[in-house]
Structure formats: C-alpha cells, structure tokens
Amino acid sequence: MAPRAGARRRWGGAARGGAGRTAWTRGRVPAALAVLTAGAAAFHSLVPGAVLGLGGLLESFLPWLGLAVLPLLAAALVRRSALALVALALPSAVWLALFHDALSPRGEDAADAARTALLTAVQHNASDENRDPAATARALAAAGPDIVALQELTPAALPAYGEALAREYPHRAVAGTVGLWSRHPLTGTRSLDIRPADLGPDWNRGLRTAVRTPHGDIAVHVVHLPSVRVRATGFDTEWRDESAALLGEELRAEELPRVIVLGDFNGTLDDRGLDPVLSGVDSTGREAADGFSFSWPTAFPVARIDHVMARGAAVTRLWTLSATGSDHLPVVARIALPAA
C-alpha cells in the first residue's frame, strides 16, 4: 500500500536532515589536518627542533605552509564536507595574520620625510662561482646604494669587484670572504669572530666597520653564516646557530647607537636559530619587505635568507633585484636614520 503524503514528507525531511548531518560529520580527516596546519603555523616556535630539526625546517619555509590549504580544500569539496570547509578557515586566518603585510603594496613610508636621512644598502651573496663579477658589481651599483655588502668573495674575483665599484664606492673593507664598499669613509674596521668552534682558522666570514656618513657614524656588520644541511639525521643547523649566537654577542657589545647588519644568514627571520641576532636589532629594523622578496635560489626563489637589519634606525623598504651570476638575488633596503 502506498504511504500517505504526510508520511512521505516526514521521511523526506528526515532524509534531508540526515544528509545535512552527514555533511557535518564526514571529512573529519581533512578537517583535522586543517586544524593541525593552523596549529603548526601559529605555534611554529613550539615545534621541537631537536627531533630531526623539524622546527627549523618548518620555520625556514613557513610562508609555503599556506599551500597546504589547496589539497585540503580539494578534499573537502570531493567529500562535500561542510566540517572540513569550515575548518579550513583556521589555517587561512592564521596565514593571513602572519603574512598579511607581504600582500600589501608598499611605497615609501610617509614617516620617512620626518627622518634625518635615508640610506640605501645592497646585500648580495655574489657566489664564489660567479663567472662575471664585474657585471654583477655594475648591476649592484646601478641601484644607487650608499653601501654594498658582498659575500663569497674570492681572491681571483676581488680585483674585478674592486675595479667596477671603485669610482662610486672608493672606500672598501674586506675580511676573508666578505666585504663592504661605501660612498663614505670607513673607520674602525676589524674581523668579527663568528667562527664556530669546529671550523678551522681560515674560516673568516664577518667584519665590522663604521661608515662616516654626513649624518654621523653608523656601525656596519657584514656576515655570512654557515650553511644548513638536510642530512639523514634531519635538518642540521648547529654551525649556523652557533655563529648566530656569536654574532648576537657582537651586536649587543656594539657601542655605536646606530647599527646596520647585512649578510647571508642561511635562514629566514622566522627561524628560531636567528633569535640571538634579532635580539641585537630593533623591531623596526627587521625588514619591511615588498612582498616576500625571496632571495634564494635564483632559479626559483623559495626563501629570503639574505637580510638587512638595523638598530637605532628603521628598515622602511626591502626588495630584490634581477638575477646576477649568483644563485642568490641581490637585496636592496632603504634605511631611515634618526638624528645621531
């Protein structure tokens, strides 16, 4: 016997209600992964670093964690899961909270006009395999900086850099494989002792000098921290972290009130291994970048490991230049200098 119309309506409503409830109960796996992704991004500093170096690895590529939303979104749509779709709002919100500044177009800060002066700095790991150092030097000079910091200088390439930069940047300081060229005189130049204990005495990748600008002296530190390695035992940052700790001590001991730090740090500013360095600079001196300004590797930049930071001054803009003969992109920073 055919069911009555009212019964059909009751069954149909139950079916629709059941379907609604199913949409909120299926897709639990992508929903859980979305929550896990949000937690890893929001609390990345709590991810253990001692376990295969996972904490440092995560922080080195933290912006890319946002890409996890795409496969999770696809899974939520395939599963027709309202639960997973709502859960995806968490990693999306966390990512935007962390990196919304990189999505905002950045022009010259209006506050710069109230500053005493602007100084432009170029930071570049020029590569010890660079086949045309003179062309690289000319490309850097074309950006019109006041100072140029280079890493991976070799004895064979140094004369080419010197000759190409000498006219605009007659003042030079070199220590080991790092160097600084300046429009203004340099004084008090010395090597920085940031060598990890396990490395030999020929490892020399740091210098400190003072640039005598018309607006007062500025201490400048040029560094190249040790590389990190992905090994069978995990993400190995031991030498880099040890060198960063030594650099932090040098920065805290620096007597001049205005300091600029330029270098290849082999780590992003999200990486906890660079915390000792960040403790020696100001929050306003930690790079206001145009976009993400990834600097490495040149073929497909995935991270910015080349940095310009300051204390007693503000980094108001930072951007990258076109590729040179290096596996790093040059980084340019605009630095606002308060009165000395």
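Modeller: With helix packing. The axis of a helix is a line fitted to its C-alpha atoms over the stretch in contact, and the angle is taken between N-to-C directions, from 0 to 180 degrees. Keep in mind that this is a predicted model.

Biologist: At what angle do helix α2 and helix α6 pack, and how far apart are their axes?

Modeller: Helix α2 covers residues 28-42 and helix α6 covers residues 89-99; the angle is about 20°, and the axes lie 8 Å apart. Angles under 35 degrees count as roughly parallel, so α2 is roughly parallel to α6.

Biologist: Is the crossing of α2 and α6 left-handed or right-handed?

Modeller: For α2 and α6 the crossing is left-handed. On the α2 side, the contact is made by Ala34, Val35, Thr37, Ala38, Ala41 and Ala42. On the α6 side, Leu90, Pro91, Val94 and Leu98 take part.

Biologist: How do the residues of that contact of α2 with α6 divide by type?

Modeller: There are 9 nonpolar residues, 1 polar and no charged.

Biologist: Which angle and axis distance belong to helix α7 and helix α8?

Modeller: Helix α7 (residues 133-141) and helix α8 (residues 158-165) pack at about 35°, with 8 Å between their axes. Their crossing is right-handed. From α7 the contact takes in Pro133, Ala134, Thr136, Ala137, Arg138 and Ala141, and from α8 Ala160, Tyr161, Ala164 and Leu165. By type, the residues of this contact divide into 8 nonpolar, 1 polar and 1 charged.

Biologist: Now pockets. How is empty space found?

Modeller: A probe the size of a water molecule is rolled over the atoms, which shows where empty space is left. Here, the second largest pocket holds about 310 Å³ of space.

Biologist: Which residues lie closest to the centre of the second largest pocket?

Modeller: Ser227, Val228, Asn266, Trp296 and Ile305 are the closest, out of 20 lining residues. The lining comprises 7 nonpolar, 8 polar and 5 charged residues.

Biologist: What kind of peptide bond joins Trp296 and Pro297?

Modeller: Trp296, one of those residues closest to the pocket centre, is joined to Pro297 by a cis peptide bond, with omega about -10°. Pro297 sits in the loop between α10 (275-278) and β11 (306-311).

Biologist: One more backbone angle. Is the phi of Arg80 positive or negative?

Modeller: Arg80 has a positive phi, about 50°, although it is not a glycine. Arg80 is found in the loop between α4 (69-79) and α5 (82-87).

Notes
Residues numbered from 1 in each chain as written. Predicted model: local features only at pLDDT ≥ 70, side-chain atom pairs only at ≥ 80, totals over all residues. Heavy atoms only, no water. Helix = DSSP H or I, 4+ residues; strand = E, 2+ residues; numbered from the N terminus. Parallel < 35°, antiparallel > 145°, perpendicular 65-115°, else oblique. Left-handed = near helix turned anticlockwise from the far one by under 90°. Contact = heavy atoms within 4.5 Å. Nonpolar A, V, L, I, M, F, W, Y, C, P; charged D, E, K, R; others polar. 1 Å grid on protein atoms, 1.4 Å probe; cavity = no way out; pocket = protein on both sides within 12 Å on 5 of 7 lines; lining within 4 Å. Points joined across faces, edges and corners; volume = space filled by probe spheres on them.
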